Amino acid sequence: MAQATMAHGTAAPAAAAHRDSHQQHPIKLYLVVWGWLFVLSTASYLVDYFHLQGYLRWSLILIFMMLKAGLIVAVFMHMAWERLALIYAILVPPLLVLVFVGIMAFESEYTFFTRLFTGAGS
Amino acid sequence: MTEQVGTAEPGFGTAARPQMRPPGLRGMLVDWASDQRAFKNVSWMKAMMWIFLLSDTFIFSCFLLSYMTVRMSTTVPWPNPSEVFALHIGGQNVPLILIAIMTFILISSSGTMAMAVNFGYRRDRTKTALLMLLTALFGATFVGMQAFEWTKLITEGVRPWENPWGAAQFGSSFFMITGFHGTHVTFGVIFLLIIARKVLRGDFDHERRGYFTSRKGNYEIVEVMGLYWHFVDLVWVFIFAFFYLW
């Protein structure tokens, strides 16, 4: 019991930091994001349903994908309210994967043309 | 409830005063250069989960990258996912419908998980546990539909080394990527059930100590569980875009 009172006594100055670290947002926020995720998923499904092709198809798929990923990370995973030190530590490294994408795309083109001109492999 | 990790272990938390940093980029550099914990107001649990998720991101990136590589480098036409994953409903083929339903189910599970975290911090034991169980139910449904999809494709002759419609690499990419994702969902469901049970039992209201860690139970574990679950949903967003829609 004495411990409990002590804990309450020391809790007051920590209350601000506590609100920072322990996420508390209205339920409505999550419902709105949920709704948007449904809309965006439907939109990306319709891209396939209406047989859009070429650059229009690819850019729409990427836009809807990035919007969905952004909503999930920012709101559902609370990244929007985290400290910048954590945000950068987690979100910057995956961007470097794009370098890897570039390297592998270059390599794939090379393999493709080698197969095309030598008739080897598939 | 109020402790940061530091205060529980004397000697670590005393220097953590998050409010004394300049804003923006400078604040970040001061945090990193301060020779203390870099993630000031983030508990070790949450920080470690984020770092695990970062490593998991690289694993899934490698899978999607190898899929990109085999698809770009093959001279044989790639099977059309829109037709491969079509279902025959009411006398006509509806393209990709099963995958669309799976997507909606997984998004819904993320929504219920986010609300479970919210009610957890409000110390609403029943609502937290019920929403977590609902999340687990959605997750199990997703895995069930995936099992259905695998069965359908396998009976149609898809193997990791061949398939009836085109490039052989289709099968290996499909089984590897969706299989690994499905495994993640399955483990998520198991842990959701474990933590929902703890919530119901009142572990986090009475600060009951963990069986393995002997640390006091805390509702923050619900948020950390949520991070993992949302990540599984996040990975599906990328798989849906690159494997099923591209």
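Student: What share of the 246 residues in chain B is buried, and what makes a residue count as buried?

Tutor: In this predicted model, buried residues make up 36% of the 246 residues in chain B. A residue is called buried if 20 or more other C-beta atoms lie within 10 Å of its own.

Student: Why is helix α5(B) called largely enclosed by the rest of the structure?

Tutor: Of the 25 residues of α5(B), 18 are buried, and therefore this helix is described as largely enclosed by the rest of the structure.

Student: What makes α2(A) and α5(B) roughly parallel or roughly antiparallel?

Tutor: Two packed helices are described by the angle between their axes and the distance between the axes. Here α2(A) and α5(B) pack at an angle of about 170°, with their axes 10 Å apart. Angles over 145 degrees count as roughly antiparallel, and so α2(A) is roughly antiparallel to α5(B).

Student: Which residues meet where α2(A) packs against α5(B)?

Tutor: From α2(A) come A:I27, A:Y30, A:W34, A:L37, A:F38, A:S41 and A:Y45, and among the residues they meet in α5(B) are B:F104, B:I107 and B:M115. By class, the residues of this contact divide into 11 nonpolar, 4 polar and no charged.

Student: How many residues of each chain take part in the contact between chain A and chain B, and which element of chain A gives the largest share?

Tutor: In all, 51 residues of chain A are in contact with 47 residues of chain B. On the side of chain A that touches chain B, the largest share, 12 residues, comes from α5(A). That side has 32 nonpolar, 11 polar and 8 charged residues.

Student: What elements does chain B contain, and in what order do they run?

Tutor: Chain B has 8 helices and 2 strands, and from the N terminus on its elements run α-α-α-α-β-β-α-α-α-α. Along its principal axes, the C-alpha trace of chain B spans about 65 × 40 × 30 Å.

Conventions. Residues are numbered from 1 along each chain as its sequence is written. Chains are lettered from A and ligands numbered from 1 in the order in which they are written. This is a predicted model: local features need pLDDT of at least 70, side-chain atom pairs count only at pLDDT 80 or more; totals for chains, interfaces and linings use all residues. Two residues are in contact if their C-beta atoms, placed from the backbone, lie within 7 Å. Helices (H or I, at least four residues) and strands (E, at least two) are DSSP runs, numbered from the N terminus. Ala, Val, Leu, Ile, Met, Phe, Trp, Tyr, Cys and Pro count as nonpolar, Asp, Glu, Lys and Arg as charged, and the others, Gly among them, as polar. A residue is buried if 20 or more other C-beta atoms lie within 10 Å of its own, exposed if 12 or fewer, and partly exposed in between; C-beta atoms are placed from the backbone. Axes are lines fitted to C-alpha atoms, for helices over the stretch in contact, and angles run from 0 to 180 degrees between N-to-C directions. Angles under 35 degrees count as roughly parallel, over 145 as roughly antiparallel, 65 to 115 as roughly perpendicular and the rest as oblique.
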